[in-house]
Amino acid sequence: MPVHESPLTRLERHARSRALEVAVAEQRGGSWASLTWNELYRRVIDGAAGMIEAGVNPGQVVVIRVPAGIRQIELELATRVAGAVPLLLPEHLDPHEVGRLLDEIEVRLVIVDHESRLVLLRRAGLMDAQLFECDDRSWERLRGMGLDRRKRQPDLLRWVDAARADVPSSAVLGLPREKSQAWLFRPESSGTLTDLVADDVVLLTGEATDRFTTVVRDAHLTAGCLLVWVEHPEELEAALAAYSPTHVLLDHLTARLLEDLMVAGRIDGEPWHETPQEVLEATSARVAEARLSSRTKKLAADVSALVPWWGGRLRVLVLDTRVNRTVSGLATTLGFRIGRIAHHPAVKLDLAREHTVVAAPAAPALEAPDAALPRRGGRTGLDSAFTLSGS
């Protein structure tokens with residue numbers, strides 16, 4: 001499937017060919033939530049049209065600050081389909097650096113799930129931006145606005161798609177740098193992700209602002225596979241049990257903790273072995289062709305008890321860090337492959353030059369038009385948190 005195709009084209013293809021197949025899943029409380037490809041497509045195109053109705057024009061920047069999961073995917077794709085640029089800012093960026101970065105570009109919309117997300121942006125001016133506090137109710141209202149706009153102007157998103165043809169649309173990240181000013185860059189990679197196909201089930205861990213999770217999300221849109229996304233390492237075990245993934249892709253934090261997670265692993269509520277650490281060490285020793293005692297050989301054989309913890313059908317494991325001998329030995333013994341994602345060097349991005357803002361075509365007028373962006377409390381404009389004097 002060509003990766004250069006627009007997000008709208010790719011979404012339409014999956015909505016036609018895999019309409020009732022699950023596209024994305026996340027854990028909410030003690031249960032799992034998911035969307036099919038048809039549901040994701042409908043919600044994204046309505047959200048994109050809703051953004052345009054609220055005044056977002058192709059080429060403008062939308063800052064998204066929500067947790068990892070389905071809503072992040074919906075908002076990111078809706079922004080891209082609207083022709084705008086999704087910008088994600090890591091929490092550990094310095095607020096002064098954030099202010100400098102945002103003051104250099106045309107930010108039209110800031111999306112947060114909670115007012116605490118605004119703290120990072122307190123040094124940015126953003127006087128021409130709108131604030132969208134995106135809870136379930138306001139997201140539903142925005143999509144309702146979009147559905148109405150699409151009914152009045154059915155060719156709107158096709159027009160945007162044509163206007164933004166051959167212009168990169170994937171998410172842009174902020175990149176902290178130790179000895180110089182922060183950059184904006186668009187993550188790119190090569191490796192395992194190009195091999196994903198529609199029937200794969202991908203379990204991803206990590207934050208939305210991580211370059212690793214960002215390239216995986218784009219590969220998911222290309223392949224049309226199922227993406228199960230959890231943000232924190234402690235959520236990994238439940239996701240493995242619920243979805244039995246074919247591919248497990250772990251960000252650097254979860255990858256570093258993987259051995260500890262396996263040692264503490266439980267299957268159906270019970271530890272998978274009485275001495276899991278010894279089993280893993282024995283497995284590594286056997287793969288390294290070390291001389292083993294009879295007890296160590298037996299322990300190494302017991303590693304088969306860990307297969308159900310991985311879900312039973314894992315083919316590829318990708319770690320966004322160096323693979324140690326324990327994980328390597330485990331992969332060799334259990335028969336899955338260690339995949340690799342090679343991050344391309346981060347290239348400083350000048351969004352002001354790359355993206356030309358174009359005005360979306362006006363829709364037929366309503367008798368009582370209401371293009372105000374929905375937000376709690378019915379307020380408009382920006383909070384005082386966005387003024388230059390904010391603290």
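# Exercises: two residues and their chain

A255 is part of helix α9, which spans residues 252–263. Helices are DSSP runs of H or I with at least four residues, strands are runs of E with at least two, and both are numbered from the N terminus. The model is predicted: local features need pLDDT of at least 70, side-chain atom pairs count only at pLDDT 80 or more, and totals for chains, interfaces and linings use all residues. Residues are numbered from 1 along each chain as its sequence is written, and side-chain values use heavy atoms, leaving out hydrogens and water.

**Exercise 1.** Decide whether A255 is buried or exposed.

*Solution.* Start with the cut-offs. Buried means under 20% relative accessible area, exposed means over 50%, and partly exposed lies in between (1.4 Å probe, protein chains only). Now take the value. A255 has 8% relative accessibility, so it counts as buried.

**Exercise 2.** Find which residues A255 touches, not counting those up to four places away in sequence.

*Solution.* A contact means heavy atoms within 4.5 Å. With that rule, A255 touches L250, L319, D320 and T321. Next, check D320 along the chain. A255 and D320 are 65 residues apart in sequence, and their C-alpha atoms are separated by 6.6 Å.

**Exercise 3.** Describe the whole chain: how many helices and strands does it have, and what radius of gyration?

*Solution.* Count the elements: 13 helices and 17 strands. Then test the size. The radius of gyration is taken over C-alpha atoms, and the globule rule is 2.2 Å times the number of residues to the power 0.38. For 391 residues, a compact globule would have a value near 21 Å; the chain has 23 Å, which agrees. Of the 391 residues, 53% count as buried.

**Exercise 4.** State how confident the predictor is, and what the pLDDT is over residues 377–391.

*Solution.* pLDDT is the predictor's confidence in each residue, from 0 to 100. The chain averages 91, and 92% of the residues score at least 70. Over residues 377–391 the pLDDT is below 50. Beyond near neighbours in sequence, that stretch has 33 contacts in the model.
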